[in-house]
Amino acid sequence: MLQVKTPKKGRVRRALEKRAPKLVETGKKTLILHGTKTSGVLNSVLTEIYNIKKGSAVKFSRKNENIKPFESGGETSLEFFSQRTDCSIFVYGSHSKKRPDNLVIGRTYDHHIYDLVEVGVENFKPMESFAYDKKLAPRIGSKPMIAFVGEGFENVEELKHLKEVLLDLLRGEVVENLNIAGLDRVYVCTSISSNRVFLSHCGLRLKKSGTAVPRMELVEVGPSMDLIVRRNHLPSDSLRKEAMRTAREQPKKKLKNVSGDAIQGKIGKIYVPDQKIGEMALPNKAKGIKRERREAKLKDQDNGHVSKKQKENKA
Amino acid sequence: METSQFEIDLGNLFAFNPHHQFSSLPSSREELVKECLQKGTELVQAIANTLFNLPSTEDVDGPLVKLPPPTTRLPREKPLPKPKPPTKWELFAKARGIKKRKKDKISYDEPTGTWKRRYGYDRANDEENIPIIEAKITDEPGEDPFAKRQADKKKRVEKQDKNRLQNLKQAAKVDALPSHVQLAATALPITGTQTAPKKVTKDELVNVAGIAASATASGGKFDKKLPGEKPAQHKGKYRKFLPVVEGKGIVGSQEKEQTEKVLNKLISKNSHDILNVDKAVTMYNVKKEKRKNQKGKSSATSSKLKPNTKPHQKSSKKGSSSSKKGSSFSKKGSSKKTKTT
């Protein structure tokens with residue numbers, strides 16, 4: 001007979017359920033890794049991307065000989081890593097004479113490569129090189145604002161693709177409720193020419209403007225770099241269609257302790273734990289208030305006079 | 001302002017200005033960065049304008065705003081989960097109109113007269129806790145009622161396991177297996193999205209082995225076989241080569257024969273055989289025999305009509321026709337005898 005395997009521990013089960021496909025997805029994890037050779041620039045680019053994305057990123061530090069995303073057969077170990085780490089965006093850095101400071105940003109669908117964009121990094125400025133008020137430093141995992149500037153992102157196919165991939169990479173978690181006071185980071189992408197994009201990471205300073213909406217001011221906190229579009233690989237139409245599918249109805253959250261009634265309308269149930277009034281400490285628990293003494297006193301009163309009288313008589 | 005020119009996706013806090021174009025690239029890097037940031041600020045301000053105007057609720061940490069869902073469509077990371085197919089019981093319950101009823105967590109325990117939890121440890125009305133089972137008339141002698149109780153329970157559990165497995169199998173067929181469940185046949189890291197590899201049948205394996213064998217010059221004839229492996233099935237014909245050197249005479253005419261055979265076949269395809277001598281002779285013989293038989297039969301029937309009371313001796317003395325018949329019989333008899341012997 002076939003055997004049914006289920007995890008023995010609840011933690012494992014929960015971990016597996018977290019990885020299972022969901023009706024509404026809230027965000028993707030990023031895998032950062034590099035090829036056989038990386039330059040110093042690329043190393044710092046990768047670590048800074050990791051720092052920006054901390055919390056939803058996994059960084060590998062070993063060299064990977066057999067990852068070549070654009071070549072057939074070079075994606076198998078990448079797909080394997082994607083499955084292992086449950087990441088669906090990867091940033092892969094490599095450095096060669098032909099393509100110096102090369103960055104491949106790709107996405108996976110169902111742990112198979114969906115699309116790829118290859119960019120070269122130029123004019124890289126790391127975080128350390130920016131001087132700013134440290135109070136403005138963005139906090140880890142905060143929701144960023146993303147600004148794309150330039151008609152290139154609409155007219156040039158490669159840039160259009162890059163825009164989508166960058167948005168997916170940078171946008172962070174999809175949230176429903178946002179704390180406006182927590183907004184502290186902005187990514188600005190500008191298309192300088194048809195194949196060059198300026199990407200900068202900024203902090204946000206809110207200034208009083210006299211109205212309800214404060215005036216925004218951007219402070220560059222780094223990293224900033226130029227991305228030069230090299231190769232790209234678009235998904236096939238059928239795959240795109242498959243991946244773009246969304247759930248028709250949103251999953252309903254279970255309403256607890258609320259019931260309907262035709263006459264009384266909505267009825268909520270509130271649980272109040274046993275209040276244990278008997279054990280409650282009284283505010284002034286004087287000795288005289290104690291029950292036995294009180295009762296004894298009462299008794300005394302009944303035949304107290306007698307005793308007193310007796311005493312008097314004796315005297 | 002020109003906010004209407006911008007594309008704003010509030011769900012992603014994303015804004016896009018598709019109209020900006022550098023008329024002339026700034027000469028220095030600083031200026032370029034400055035202009036980019038200035039353009040970015042405009043966009044961020046546009047996002048903020050809409051964001052701060054959303055209805056907000058006060059919270060300890062600051063005003064909370066409910067964001068609309070993102071409008072930019074991005075690909076999913078995993079396929080949509082498939083709905084779980086109904087179990088056999090669910091189907092049955094639906095057909096019968098049986099509805100789920102919630103049971104209390106505790107129920108009344110009759111032996112002790114207290115309320116206990118319905119299931120689990122120290123449960124109410126636990127039949128395993130009954131120390132004495134009263135004998136009934138229907139009981140079979142020599143049977144241990146306690147052992148029977150245990151065996152019955154085991155059977156029930158097994159049946160439930162079987163049903164569960166069946167339902168899981170059905171779910172696995174439509175890729176709707178719960179993510180934490182793994183059927184042992186699907187030896188995969190479980191994500192719920194991977195399809196189980198199809199089990200290869202024996203026939204398919206044999207076929208593949210045969211195809212692989214055909215890659216060798218000998219068609220796998222001299223390949224090393226595993227214990228129990230059968231020689232690869234060969235499809236198609238082997239080509240036969242006739243000897244290159246032959247003696248004269250009949251032996252040496254093999255190749256000639258072969259070509260003649262082919263040629264004859266081709267030529268005679270449309271020229272029907274008019275006369276097959278053998279066939280003709282046999283047909284003639286058969287017809288002749290039949291005619292004889294018919295003559296004999298007409299006389300035989302007349303003799304049959306007569307009452308068959310007379311002894312054989314007399315009949316033998318009778319007319320020629322009967323004697324003829326008798327001879328034919330004897331012939332048959334002799335032939336039979338030879339067959340039997």
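Analyst: **Salt bridges and their surroundings**

A:R196 and A:D226 form a salt bridge (a side-chain nitrogen of Lys or Arg within 4 Å of a carboxyl oxygen of Asp or Glu), with their closest N and O atoms 2.8 Å apart. A:R196 belongs to strand β10 (residues 196-207) and A:D226 to strand β11 (residues 215-233), both of chain A, so the bridge ties together parts that are 30 residues apart in sequence. Helices (H or I, at least four residues) and strands (E, at least two) are DSSP runs, numbered from the N terminus. This is a predicted model, where local features need pLDDT of at least 70 and side-chain atom pairs pLDDT 80 or more, while totals for chains, interfaces and linings use all residues. Residues are numbered from 1 along each chain as written, chains are lettered from A and ligands numbered from 1 in the order written, and side-chain values use heavy atoms, without hydrogens and water.

Buried means under 20% relative accessible area, exposed over 50%, and partly exposed in between (1.4 Å probe, protein chains only).

A second pair in chain A is A:D168 with A:R171, and here the closest N and O atoms are 3.8 Å apart. A:D168 has a relative accessible area of 4%, so it is buried. A:R171 has a relative accessibility of 10%, so A:R171 is counted as buried too.

B:D175 bridges to B:K82, with 3.8 Å between the closest N and O atoms. The pair links distant parts of the chain, 93 residues apart: B:D175 is in the loop between α3 and β7 (182-183) of chain B, and B:K82 is in the loop between β4 (63-66) and α2 (88-96) of chain B. B:D175 has a relative accessible area of 27%, which means that it is partly exposed. For B:K82 the value is 48%, so B:K82 is partly exposed as well.

How many salt bridges are there over all chains? A search of the whole structure finds 24.

Now the chain that holds the pairs A:R196 with A:D226 and A:D168 with A:R171. Chain A has seven helices and 13 strands, and 42% of its 315 residues count as buried. A contact here means heavy atoms within 4.5 Å. Among the contacts in chain A with a separation of 6 or more, 67% join residues 24 or more positions apart.

A single residue shows such contacts up close. A:S94 lies in strand β4 (residues 89-94) of chain A. Is A:S94 buried or exposed? Its relative accessible area is 17%, so A:S94 is buried. Leaving aside residues up to four places away in sequence, A:S94 touches A:K37, A:T38, A:L42, A:R99, A:D101 and A:N102.

In the bridge between A:D168 and A:R171, A:D168 is buried and A:R171 counts as buried. In the bridge between B:D175 and B:K82, B:D175 is partly exposed and B:K82 counts as partly exposed.
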